[in-house]
Amino acid sequence: MDLPRRKRHVGRWLLAAAVVLACVAFAIMWRPAITPQTATPSFDQARIDRGANLARLGMCASCHTPDLAKPFAGGKPMETPFGTVHSTNITPDNDTGIGRWSLEAFTRSMRKGVSRDGHLLYPAFPYNHYTRMTQADIDDLYAYFMTRPAIHAPARDNDMIFPFGFRPLVAFWNVLYLDDSAWQPDPKQSAEWNRGAYLADAVAHCAACHTPRTMLGGPDLSRPLDGGEAEDWYAPALNARSPSPLPWTRQQLHTYLRTGIAEDHAAAGGPMQDVVMHLSQADERDVAALSAWTHSHLAQAPARATPAQQAGSLPTPKADDPDLQRMQTGYALYANACARCHDAGRGVGSGAALPLQKAVALYDPDPRSLIHLVDEGIAPPDGEPGRWMPGYRTILTGEQTGALAAYLRKYGAGQPAWPDLDDAVRKARAP
Amino acid sequence: MTTYRLQVNGKQHAVDTDPDTPLLYVLRNDLELSGAKFGCGLGQCGSCTVLVDDQPAMSCLVPVSSVGRRAVRTVEGLGTGDKPGVLQQAFIDEQAAQCGYCIAGMIVQATALLERTPRPTDAQIRAHMSPNLCRCGTHMRILRAVRRAADVLAKQPAGAKR
Amino acid sequence: MSAQLPCNEGRRRFLAAGGALTLSFAMPAWSASGELPRSLDKTPWLDAWIRIGADDSITVFTGKVELGQGIKTALLQVAADELRVAPGRLLLVTADTERTPDEGLTAGSNSMKDSGTALRHAAGQVRARLTDLAAARLSVPATNLTLKDGAFATADGRRVTFGQLVTGQELHVRATPEPPPPAPGPKTAIGKSVPRVDIPPKLTGGRAYIQDLRLPQMVHARVVRPPSQAARLLDVDTAAVLRMPGVLKVVRDGRFLAVIADGEYRAVKAATTLARATRWDTPASLPAHPDIASLIRAQPAEPYSILDRGAPGSIKTSGKTLRASFTRAFQLHGSIGPSCAVAQLVDGHYTVWTHSQGVFPLRGALAELLGVKDSTIRCIHLEGAGCYGHNGADDVAADAALLARALPGRPVRVQWMREEEHAWEPLGAAMVVDVAATLGADGRIADWQYAVLTPSHNQRPGKAGNLLAATHLAKPFAPPVPKPSPQPEGSGDRNAIPYYAIPNARVMHHFQPRAILRTSALRGLGAYCNVFAIESFMDELARAANADPVAFRLRHLTDPRAIDVVKLAASKFGWDSYQRPQGSTRRGRGFAFARYKNLLAYCALAVEVEVALETGLVRIVRAQAAVDCGEIVTPDGVRNQIEGGIVQSTSWTLLEKVRYDEQHVLTVDWASYPILRFTQVPDTVGVHLIDRPGQPFLGTGEAAQGPTAAAIANAVFDACGLRMRDLPLDRQRMRRA
């Protein structure tokens with residue numbers, strides 16, 4: 001056999017394959033620019049009002065309004081495993097915002113995660129959810145955003161870990177995770193449920209926090225609503241795996257989504273506070289639909305006996321506890337720092353709070369939410385009335401926080417110890 | 001009642017009190033340090049702010065039994081009427097007080113900022129001071145006083161006392 | 001209201017001839033019967049105001065109190081200046097029923113006018129008396145003496161000090177109505193910004209407040225308040241609380257329930273335990289979710305006509321008629337330090353340490369409450385946190401007095417908790433304003449009709465029934481039926497009469513004796529909302545007349561001092577050259593002017609605001625104020641008060657309203673009742689003062705609040721075309737607008 005000739009054949013095939021792959025990759029990664037528009041169309045008020053409601057349901061301001069004085073001007077840094085991404089200016093400013101974006105460009109960004117000029121957007125922007133919005137809803141959102149006051153605010157530079165600064169790589173993420181098939185209702189469910197299902201998936205994108213992510217940062221669709229995370233807070237499972245120590249009624253869930261607090265359940269903390277802020281401003285019927293859908297999943301959690309069903313202060317550690325000293329430290333902190341408010345049960349003011357055996361953070365499979373709550377507390381949104389829990393970061397040492405969390409986990413929730421608790425406390429305290 | 005050893009403003013104290021007594025009451029009643037004030041007891045207003053290991057903490061929320069060996073500093077430890085500290089002098093120079101009830105807390109809160117961030121921007125000062133409430137509306141002067149102190153400190157050699 | 005006051009012709013010639021840098025000020029006119037000026041009239045003895053010790057110490061007594069407005073320092077300056085000494089030489093004693101003149105309340109921005117004027121006269125006459133004594137002692141004519149640092153000297157070097165001259169009753173003489181001769185030599189104190197004497201101890205941990213008072217054998221108490229004013233006490237189980245460590249006594253009298261303990265936190269814990277062992281019936285006694293307008297309009301009211309000029313309502317012009325209604329929610333004083341008092345009963349005599357604004361009226365109310373004579377109670381003022389009017393200070397003094405009676409001999413300290421102060425302090429009253437005006441063809445207002453509807457803005461003690469605990473006793477005192485204060489002070493109708501020249505005008509005050517919640521004086525009283533309404537409406541009229549808002553106001557002002565402040569504020573702001581960013585709905589400018597009570601300080605204010613309707617945020621970017629408060633004693637003190645007034649009013653205007661459901665007040669802490677934080681204060685606030693040497697001192701503590709509210713609302717309109725007529729312009733309201 002003539003070896004060099006075979007090599008030449010193989011070489012040619014490899015080269016051809018490489019060229020084909022490069023073409024395919026290019027086809028995947030490259031997007032054309034859409035011509036900038038020069039005149040802004042006008043919109044009727046009904047469309048704008050619907051768009052305003054959708055913007056609330058879609059939580060746009062969470063990322064795009066870090067400064068309340070400059071709505072939608074962007075600039076919020078978001079930590080991801082791939083680096084720090086900053087939200088962009090989506091006011092209709094011609095130079096630094098989306099003033100020159102046609103409806104086509106806006107639609108493409110929402111459905112495909114592609115900017116007007118063709119560059120790919122990082123999926124910190126949840127276009128993999130918005131892609132399933134109806135065109136009518138996208139039209140309404142466009143009307144809303146194009147009629148906001150224009151604010152001059154240039155985009156901030158991102159700080160990505162190599163090689164994720166190379167945006168075209170996102171195209172491969174899209175291949176895996178961008179499912180732009182139309183959202184389908186479930187004919188077996190009510191209209192209200194389906195409205196909730198649509199809003200939850202395509203607009204409010206609950207799964208972005210409440211479904212776990214894969215290593216590549218996409219949703220793990222084999223485990224929908226099994227629990228996820230947001231900004232280092234644990235977002236609990238909303239299905240049969242719900243860690244909530246007491247079942248939720250539909251009414252409680254609705255009240256919670258509108259106000260951030262419901263009887264017998266912990267107040268919304270961390271990123272969920274922003275969700276509540278948005279939903280409290282959205283159409284109440286849409287929130288009712290969301291709570292119908294959410295409740296249908298939460299209601300699948302099996303009834304179980306938990307200490308939440310018992311009244312009274314949390315107990316002292318048992319004399320035979322293998323970790324007695326730490327538990328006693330934790331108990332003393334509970335008795336001397338927490339019990340003053342948390343033993344009282346909720347009252348009108350902030351000095352009387354939920355008995356801790358009912359607090360879902362103690363039942364989470366992950367201690368991060370509890371640590372954040374203890375460290376940062378819960379504060380109402382800027383300039384709005386609400387409830388208050390103070391933060392203890394400078395009051396308790398890391399060791400004390402760990403002991404308190406360990407005690408609460410065991411004697412408040414009766415759950416097995418978190419194996420990574422001390423690491424989580426250290427990480428939360430790292431500057 | 002238990003005896004707790006506390007280090008406050010560089011001095012050791014032994015205090016007999018209940019373990020859940022907030023540090024604020026211990027400072028004011030047992031140690032007769034009136035600087036930290038009762039404003040709300042809920043951690044919402046900052047009138048009770050002290051430094052615990054150089055971090056600002058609301059003393060109305062700190063159980064005395066949890067302080068341990070950590071160093072507590074109050075406004076009294078930052079200077080006296082005869083020898084005011086840099087921040088205290090800046091507040092006097094700006095006449096940054098109306099009723100003055102919140103001011104000790106403001107000074108302690110600002111101390112933590114200037115010790116960590118000697119050249120703060122105006123935005124940083126505002127954000128850092130935001131846990132502290134002032135009802136009289138003295139905010140503009142308080143901000144000027146913190147700025148003034150920062151400017152004074154910027155001219156001093158490194159390691160100078162705040 | 002004319003600001004022209006008579007000036008003694010002889011004095012004028014003296015000054016012109018002397019050319020010295022002396023003070024001159026116009027005397028208030030008083031009657032031919034020789035009535036003494038201001039507080040001197042009630043307390044005419046000179047040594048009630050000024051005492052000189054043999055050691056040359058000079059003690060000044062005032063019936064006014066320090067509220068954080070700098071009055072102590074200002075009064076010291078006035079007295080020091082008349083005596084030609086440095087202010088640091090003087091010791092000031094503030095209101096004490098046993099030691100000082102009775103000057104009623106420290107309120108209404110009257111302290112400089114009342115006490116300042118009295119002290120100026122008294123000190124001047126003391127100086128004149130001392131001068132005569134020195135002349136006699138040194139055997140020279142008075143004109144040959146020089147005065148410096150509390151001593152008189154002759155040309156040949158002989159000296160005699162104040163202390164050497166006053167060995168007996170030399171100063172126990174009545175003040176005379178004639179003004180004393182002007183003080184010789186340069187001013188030592190007035191017109192300069194003297195650092196406030198009360199500030200350094202407050203910054204270095206000194207015992208500066210009533211909350212810092214510690215007395216031997218002192219015990220601590222906390223009150224367990226009902227869930228609402230309508231709540232009934234069903235039963236109390238005191239067994240558990242009496243077993244708690246340190247608990248000395250549980251006091252129950254009707255619905256008044258309190259616990260006294262040997263340690264402060266023990267008292268707090270005991271009160272919590274006691275509260276949990278108490279059962280109440282809390283009926284639905286409050287209207288749930290009303291809007292202020294329908295709530296207030298439904299209350300019975302007594303109509304008072306406070307202005308009826310020309311022929312209002314009968315003008316026929318070709319100009320437009322505009323109408324508008326404005327509202328203000330119930331609002332809190334929200335003192336940063338909750339109210340506190342200490343009381344002690346020893347041998348039938350009560351001593352009460354209190355931060356009440358009026359220790360003499362308080363004494364009267366306490367005497368009635370306790371069923372004792374006034375003379376058995378001594379009320380001593382110690383400073384509290386800013387009170388901004390009638391807060392819980394008098395109520396907690398009553399609590400302390402009752403508990404002192406329950407535990408005679410020991411000083412009993414009562415500290416209100418945050419929730420207690422928020423839920424129980426007398427509130428700033430809700431208000432509704434209806435206004436209609438007609439423009440003439442000449443673009444001037446031809447007709448003006450204004451009505452303000454509001455409950456009482458003054459339920460100060462007075463009477464025992466004005467004290468909270470008194471209404472909870474088994475034999476309760478009923479709150480007296482309130483009456484409105486007459487104009488020109490007014491209460492809910494304060495500043496309801498516009499300061500503008502309007503030929504036909506009617507102003508009605510619909511006074512409501514009853515309200516759903518207890519209301520009383522909050523800084524400015526009705527002026528805050530009345531100025532908000534008038535100045536917002538002036539802008540609406542200006543627009544209808546196609547006039548610039550500042551020019552429109554100038555068109556209607558005749559008082560030159562008012563015109564000066566308006567022009568100065570506009571100029572400092574750059575009003576005429578202001579450019580709103582092209583096509584922006586986010587920035588705008590607004591203007592407002594008022595003269596507090598139409599009698600006191602003038603304040604004009606121009607602001608630029610930033611508006612973000614999607615989030616509801618409104619914030620002042622920059623503010624420029626111009627103020628005329630007569631002769632300025634402490635320029636920096638005035639600036640401090642005006643800056644503070646602007647920031648405080650910004651908080652009221654953008655954030656604050658009391659909320660309640662059918663059973664409870666819901667705004668019980670800073671979370672449920674947010675106030676302005678550092679992140680929301682303006683970028684810059686400038687205050688520009690116009691000094692009027694010789695004019696009477698005018699208080700400035702309440703001058704800025706009303707103009708700030710209107711300037712903000714006018715700027716919001718300029719920015720985005722939304723005319724907000726309901727206070728507060730909170731986030732939710734702005735989002736829904």
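This report describes a predicted model, covering a chain contact, a sheet and a nonpolar core.

## Contact between chains B and C

Chain B contributes 50 residues to the contact and chain C contributes 47 residues. On the side of chain B that touches chain C, at least two residues come from each of helix H1 (23-30), helix H2 (86-93), helix H3 (103-116), helix H4 (122-129) and helix H5 (139-155) of chain B. Sorted by class, that side of chain B holds 23 nonpolar, 20 polar and 7 charged residues.

## A three-stranded sheet in chain C

Chain C has an open sheet of 3 strands in the order E1-E2-E3, and its pairing is mixed. Strand E1 (50-52) and strand E3 (90-93) of chain C are the edge strands, each pairing on one side only. From one strand to the next, the twist averages 20°.

E1(C) and strand E2 (residues 58-61) of chain C run antiparallel and are joined by 3 bridges. C:Ile58 in E2(C) is the bridge partner of C:Ile52. Helix H2 (residues 71-83) of chain C packs on the sheet and touches E1, E2 and E3 of chain C. The direction of this helix makes about 135° with that of E3(C).

## The largest nonpolar core

The largest nonpolar core has 393 residues, and the members that touch the most others are C:Val259, C:Ala400, C:Cys603, C:Ala625, C:Val627 and C:Val716. Helix H12 (residues 527-544) of chain C supplies the largest share of this core, 11 residues.

Apart from neighbours within four places in sequence, C:Ala625 is in contact with residues including C:Ala569, C:Cys603, C:Leu605, C:Ile642, C:Ile646, C:Val687 and C:Ala704. C:Gly686 and C:His688 are also among the contacts of C:Ala625.

Technical notes. Residues numbered from 1 in each chain as written. Chains lettered and ligands numbered in written order. Predicted model: local features only at pLDDT ≥ 70, side-chain atom pairs only at ≥ 80, totals over all residues. Contact = placed C-beta atoms within 7 Å. Helix = DSSP H or I, 4+ residues; strand = E, 2+ residues; numbered from the N terminus. Nonpolar A, V, L, I, M, F, W, Y, C, P; charged D, E, K, R; others polar. Pairing = 2+ DSSP bridges. Axes fitted to C-alpha atoms, helices over the stretch in contact; angles between N-to-C directions. Core = buried A, V, L, I, M, F, W, Y, C linked by C-beta atoms within 7 Å. Buried ≥ 20, exposed ≤ 12 C-beta atoms within 10 Å, placed from the backbone.
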